[in-house]
Amino acid sequence: MELLKVYVSLLVLTILYIIVSSPAAVVPKNIIIDNDAQPAVSGFYLTSDNTDDTACIQAALDNAKSGDTIVIREGDYYITKQIYQKNKSLNITGEGNVTLHLQIAESCNSGIFFTGSMITNEPLSADAQKGSSQITLTDASQVRQNDLIKIWKNVQWCPLDYPDQMTGEIYAVQSVNGNVITLNQPLLRDYKLSETVQVEVYRPIEIHIKNIRIQDSGATTSHHGLALRYCKDSSVTDSWFKDSGLAALSFYSCFNVDAKNNEIYNSILPGSGYGVAVWSGSAFVNIENNHIENCRHAITGNTNERKALNRDVYIASNTLIGANINGANVIDAHPVTINYIVTKNKIYPQLPYFFAFLDGAQYSEFTENEVYGGYGAVARRGSVNDGTHIIKDNLMNGISGCTYQGGENGIGNTLTITNNVQKGGEYGIIFPNYESFKNIEISGNQFSDISYQGVYQKFHINGVNLQISDNTFENIKRDGIYIDGNSFTNGVVKVQNNILVNVYPTNPGSEITIKDIQNVLVSGNQAFKVPVAALSEPPTQ
């Protein structure tokens, strides 16, 4: 009996040891940072106990464990060296009014930097098919569930713009079975071994930052305020950024991250200057309910590598106010971008020649936005082919340019411009260069107070299908609609049921001008001249 008791006691102690020593048994704790000058308190990191504020915050991060919450108490903290932390998932929360004053050297890339790590770069051992959720590596022994995996191939994405940009994207690892990895979603494209496919796997961290103010050292400094790399399921919320010249907040190779309810001011380093920057193949980035002001680009999609493409960037319900410096289009997507959704924002481009959205994505939606001032709503940038672009239900008030301006090159698949209201400008829609689309629909829009044409289109490829219908053109100084086929062979062209009120073309009676067009159907259009005061009333024949 006594021997049995001994065995039972040993078993209980062994079980307790396993439970206590297990990683799952590590209980997250709160770590307090306080800048009050007082004697040391157990569990507190006091700035008075360290050489300076930087050392205090860095010590707290270094001694924290993944899952801990670091609470920074109200006060001003002066950061003279970069704050850096790797491979720890943390919650960092400000209590009251917490301001981190960055006083770091100009040569330092970022003031505060959190990162996971790259763990392997094993190649594929078999072709991967579009639509499949599985890939096979030569060795997946180091890969874990919830890792991030970036896959790209030696196929140029947009040669006219970035000849060194490869085609690829980032995914999350759902499970691993031997060398077979199941992804969180089906592959967007084929990856054949003959295309020199490359793979990198990252062990991400989860970072949540809330209610922190970052006051940087100057609006044209060449560093970031806060940068996150290899982060997953992370967020930056209810925070405040000012005077970070290169970028206030940057996401590098991140997956499913939020930037919400923040205020950002004054990022105007020439050639850079970003409020929120999405970099290097990041995916599922949600940018919502922020106020971003006086940044060269309030939001941008760019890259510091040439591997994977940014994708699934969602921009909603923000107030975005542009800057008065060169190239200051408010929202920007470099042609290293798969898709952008831009909806329900209030956008204020500055100066007469900047746009609300400079669109280099392959797929984009610009819907239910309000654009005040600047040159116009959407301009295409770059030469990405086969794209689809939807511009719908927007208000453009007091602009000097147009609702849409075509790009220089590229052959898109579909352009849909419907139910927009434009007041003021030189054109409603213009294609000034050589970009075109196989299918164009312009319908249900209201254009008023236009200095030149309402719609100005020159075909630059064969087989274009064009529909312009059910639009209203009011007080147009020249042609309401001007289409020049430019001797190309077009598809079906329909110009139907448009209303033209007080349109004054160069040649009287030519409210609609169509040249060198085959297969054209013009019907149901109506032109009126009415007193200006009556424009608010529906025209009568």
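The lining of the second largest pocket comprises five nonpolar, seven polar and three charged residues (Ala, Val, Leu, Ile, Met, Phe, Trp, Tyr, Cys and Pro count as nonpolar, Asp, Glu, Lys and Arg as charged, and the others, Gly among them, as polar). The model is predicted, and local features need pLDDT of at least 70, side-chain atom pairs count only at pLDDT 80 or more, and totals for chains, interfaces and linings use all residues. Residues are numbered from 1 along each chain as its sequence is written, and side-chain values use heavy atoms, with hydrogens and water left out.

The volume of the second largest pocket is about 160 Å³. A pocket is an open set of points on a 1 Å grid over the protein atoms alone, with protein on both sides within 12 Å along at least five of seven lines; a cavity is a set of points where a 1.4 Å probe fits but cannot get out, and lining residues have an atom within 4 Å of a point. Volume is the space filled by probe spheres set on the points, which are joined across faces, edges and corners. Of the 15 lining residues of the second largest pocket, F113, R229, Y252, S280 and N304 lie nearest its centre. Two or more lining residues come from each of β6 and β15 (224–229), and β15 gives the most, with three. Strands (E, at least two residues) and helices (H or I, at least four) are DSSP runs numbered from the N terminus.

The largest pocket holds about 220 Å³. It is lined by 16 residues, and L358, R380, R381, Q405 and E408 are the closest to its centre. At least two lining residues are supplied by each of β29 (355–367) and β31 (376–380). The lining of the largest pocket has four nonpolar, eight polar and four charged residues.

One cavity of 30 Å³ or more was counted. The lining of the largest cavity consists of 16 nonpolar residues, with no polar and no charged ones.

Salt bridges (a side-chain nitrogen of Lys or Arg within 4 Å of a carboxyl oxygen of Asp or Glu) number 17. In one of them, R73 pairs with D34 at 3.3 Å between the closest N and O atoms. R73 is in strand β3 and D34 in strand β1 (residues 30–34), so this pair ties together parts 39 residues apart in sequence. D34 is buried at 3% relative accessible area, whereas R73 is partly exposed at 28% (buried means under 20%, exposed over 50%, and partly exposed in between, with a 1.4 Å probe and protein chains only). E169 and R189 form a salt bridge at 3.0 Å, N to O, and both residues are buried. In the salt bridge between K438 and D386, the closest N and O atoms are 3.9 Å apart. K438 lies in strand β38 (residues 436–443) and D386 in the loop between β31 and β32 (388–392), so parts 52 residues apart in sequence are tied together. K438 is partly exposed at 36%, and D386 is partly exposed at 48%. Salt bridges with shared partners join D34, R73 and E95 into one network.

The count of disulfides (pairs of cysteine sulfur atoms within 2.5 Å) is zero. For C254, the nearest cysteine sulfur is that of C231, 4.6 Å away. C254 is buried, at 0% relative accessible area.
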